[in-house]
Amino acid sequence: MLLYSSFERVGEAFLKRATIMLKIKNLYASVDGQEILKGINLEIKPGEVHAIMGPNGSGKSTLANVLAGKQEYEVTAGEVTFLGENLLDKAPETRAKDGLFLSFQYPVEIPGVPMANFIKTAVNEHRVHRGEKELTAGQFLKLMREKMELVEMKTKLTNRSVNEGFSGGEKKKNEIFQMAMLEPKLAILDETDSGLDIDALRTVANGVNALKSPETSSIVITHYQRLLDYIVPDFVHILYHGKIVKTAGKELALELEEKGYDWIKSEKGN
Amino acid sequence: MSVLVEKADLSLKYIAHYNKVKETLFEGSPDVLNAQRKKAFQDFVMQGIPTNKNEKYKYTNLHPHFLPNFSFIHQKEAQKTDPNAIFHCDVPQLDSYVKTTTNGWFNESKTEGDLPEGVILESLEKMMKEQPGLVEKYYAKIAKSDTDAMVALNTAFAKDGYFLYVPKNVVCEQPIQLINFLEAPKDSFVTQRNLVVLEQGADVKLILCDHTLNLNRYLCNAVTEIFVGENANLDYYTLQNQHNRTANISSVFVQQERDSVVTSHTSSFHGGLIRNNMEFVLNGENTEANVFGMAFLDKKQHVDNFTQIIHKKPNGRSNQVYKNVLDNEATGAFSGLIHVVRDAQNTNAFQQNNNLLLSDTATMQTKPQLIIDADDVKCSHGATVGQIDEEALFYLRARGINEDKARLMMMNAFMHEVVRKISVEALRDRIDELVERRLNGEVAKCHECAYQCEV
């Protein structure tokens, strides 16, 4: 009997894992003493694409950075579970290796750190975390070529430092390339469309879609509907003053495009 | 008052020692050395051990390092072991022509391979006896004892060191490596005097490694004079890797004639106190001096790079890049002087010093100094003191790279600019690895000796 019930419990946990990717409960966070997130609730299941929209300063990037583990953001209340485990206790690198990926709004230039060395180290850290062997140089190069093709990345990466001298579009493509290399379970795309022309936008979106699977989810943070023409969301949330004030299907994005944010502002008051 | 007396006493101690051993010093030394010895001693008496009141030593307090009761090694000792036998340089493919010194004395040893014809790499003392004319022409001509007490002290005590001579138009394809060991039975004061002469059109790459082979305390005061003839080319690499009980004061004087190029590259991996004086005199038209350095400091280590580039003739170029990474309570200093005299029109001089502080308790002093007397010159300098870029660190961590590794990557990236200036590929690869190991908290030893740095 005891045996049976412990089996049942394992089964339950498995089910929970399988059905919920990310669960954010009543999340409050502040930076430099200023409260930015004021009670976020959000649940994401495998295979789902969630768009988060909202006016400037509503807390979209803060949410992305809190999830990725940036230190200057202080979580003052609430909890976040990722694949059934407490996310907020973990170091940024552990979150990444568990399968959470943040595509940066402003990818950082790191002069002197070779791109290939960087991505190889990242891939191997992921592999070691999963109990797999590190890639050989040959395997790594092959993987890199494959993934570069996948995201149509034409930038020569050898002999270049991380993001150094990359154009805005190249930087964003580089983010998606890294995502392709690391194969995360949950990707958070923080304004990946900003600064992209329509062709670059399409390429980036194609890359994201190519990586989509029933087991992976994404959060797409954007100001504009146009990215959502390519990456079609299952849910659209409107973040305003640190709270999700409206959730609906993809039609909400179209409505926003048409009416702007003013109706939300007047509905919710300033 | 008592402090003053103590300081005076400290110099007196060395003065008294000189008077005591004067006969030994003069005895057996060639006239070339002895002629300078007397004058240098007077210069030292006038100046005393430099204090922080001396502008040149503002950031480096030498006094504590002169306090121990050192033994002196004024006579060549019978060689116990052949350092070549216990030491096997593990820089792969470096394939250098190796000679060694122990406690400042040149070791007679058999070396594999041959130097090109006419090239001399010998004991300075021996060469002074065998070819006094050759040595006399250069000895103590650019190392001035009246303006630097440490040079004065070196010249007063000088007995031996290495002498390198490369004749006209001789190109040494194979790098020459000199490994300087400190290995004495007691705490020791070591004096080493070196002389390098490149005749017109000569070309040589010189690699110097400083090591300690036991845990005794050392004060090493070395002076090197380097004469670079017209159109000659010298690469001068220094690797400093000594334990924390060592104070290493090295003064290098370079005089360049027209169309010559000198590249100096100093890697200070380890040492208690390191002071590098580098003085370059661009004595001919169209000369180029590249002066690079990097230092890694932790615990209570101190590194002071003191450079002076003097542009005397038109169309000269100088290029200085110095970088330091400092951790714990380490202290560092960089003083870089560019002096363009009136005749040196169309000079292009550049200087850069960047420092990375890893702790709140590490400190760095940086002092660029430009004296420009010519009117058509291009001079620029820049200095930064900062911490690791947190945004970049987060970026790396957000890709799954753990914090320590990410920091290491950032520090490596910081130093990379200096490492890549090394033109000997095998050496560059080796130094790259040493940098990584040093930054990783492992002691960067370049050989298999029993040396420990926790002291």
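In what order do the six strands of the open sheet in chain A lie? In this predicted model, the order is E6-E9-E10-E3-E11-E12, and the pairing is mixed. Strand E6 (100–103) and strand E12 (243–248) of chain A form the edges, each pairing on one side only. From one strand to the next, the twist averages 20°.

At one end of this order, strand E11 (residues 235–240) of chain A pairs with E12(A) in the antiparallel sense, over five bridges. Within that pairing, His237(A) has Thr247(A) in E12(A) as its bridge partner. Two helices of chain A are placed against the sheet. Helix H2 (residues 60–68) of chain A lies across strand E3 (49–53), E6, strand E9 (186–190), strand E10 (217–221) and E11 of chain A, and runs at about 140° to E6(A). Helix H6 (residues 168–182) of chain A also packs on the sheet, where it touches E6 and E9 of chain A; the direction of H6 makes about 170° with that of E6(A).

Chain B contains 10 helices and 20 strands. Its radius of gyration is 21 Å, close to the 23 Å that the globule rule gives for 455 residues, so chain B is as compact as a globular protein of that length. Taken along the principal axes, the C-alpha atoms of chain B fill a box of roughly 70 × 55 × 50 Å.

An open sheet of 10 strands is present in chain B, with the order E3-E2-E6-E8-E10-E12-E14-E16-E18-E20 and mixed pairing. Strand E3 (105–106) and strand E20 (377–386) of chain B are the edge strands, each pairing on one side only. Strand E8 (residues 203–212) and strand E10 (residues 233–241) of chain B run parallel and are joined by nine bridges; Ile207(B) has Tyr237(B) in E10(B) as its bridge partner. H9(B) packs on this sheet and touches strand E12 (261–270), strand E14 (288–297), strand E16 (317–326) and strand E18 (347–357) of chain B, its direction making about 155° with that of E16(B).

The largest pocket draws on both chains. Its volume is about 880 Å³. Of the 32 residues in its lining, Gly112(A), Val113(A), Pro114(A), Asn117(A) and Met409(B) lie nearest the centre. Strand E7 (110–114) and helix H4 (115–129) of chain A, together with helix H9 (403–419) and helix H10 (425–439) of chain B, are the elements that give two or more residues to this lining.

There are two cavities of 30 Å³ or more. Volumes and lining classes are set out below.

| Space | Volume | Lining residues by class |
|---|---|---|
| Largest pocket | about 880 Å³ | 12 nonpolar, nine polar, 11 charged |
| Largest cavity | about 220 Å³ | nine nonpolar, 13 polar, one charged |
| Second largest cavity | about 90 Å³ | six nonpolar, three polar, two charged |

The largest cavity is lined by 23 residues, of which Asn180(B), Asn194(B), Asp210(B), Ala222(B) and Ser250(B) are the closest to its centre. Several strands of chain B each supply at least two residues of this lining, including strand E6 (176–182), strand E7 (188–198), E8, strand E9 (218–228) and E10. In the second largest cavity, the largest share of the lining, three residues, comes from E7(B). Among the residues that line the second largest cavity are Phe72(B), Trp105(B), Phe157(B), Lys159(B), Asp160(B) and Phe189(B).

Definitions and conventions. Residues are numbered from 1 along each chain as its sequence is written. Chains are lettered from A and ligands numbered from 1 in the order in which they are written. This is a predicted model: local features need pLDDT of at least 70, side-chain atom pairs count only at pLDDT 80 or more; totals for chains, interfaces and linings use all residues. Side-chain values use heavy atoms; hydrogens and water are left out. On a 1 Å grid over the protein atoms alone, a cavity is a set of points where a 1.4 Å probe fits but cannot get out, and a pocket is an open set with protein on both sides within 12 Å along at least five of seven lines; lining residues have an atom within 4 Å of a point. Grid points are joined across faces, edges and corners, and a volume is the space filled by probe spheres set on the points. Helices (H or I, at least four residues) and strands (E, at least two) are DSSP runs, numbered from the N terminus. Ala, Val, Leu, Ile, Met, Phe, Trp, Tyr, Cys and Pro count as nonpolar, Asp, Glu, Lys and Arg as charged, and the others, Gly among them, as polar. Two strands pair if DSSP finds at least two bridges between them. Axes are lines fitted to C-alpha atoms, for helices over the stretch in contact, and angles run from 0 to 180 degrees between N-to-C directions. Contact means heavy atoms within 4.5 Å. The radius of gyration is taken over C-alpha atoms; the globule rule is 2.2 Å times the number of residues to the power 0.38.
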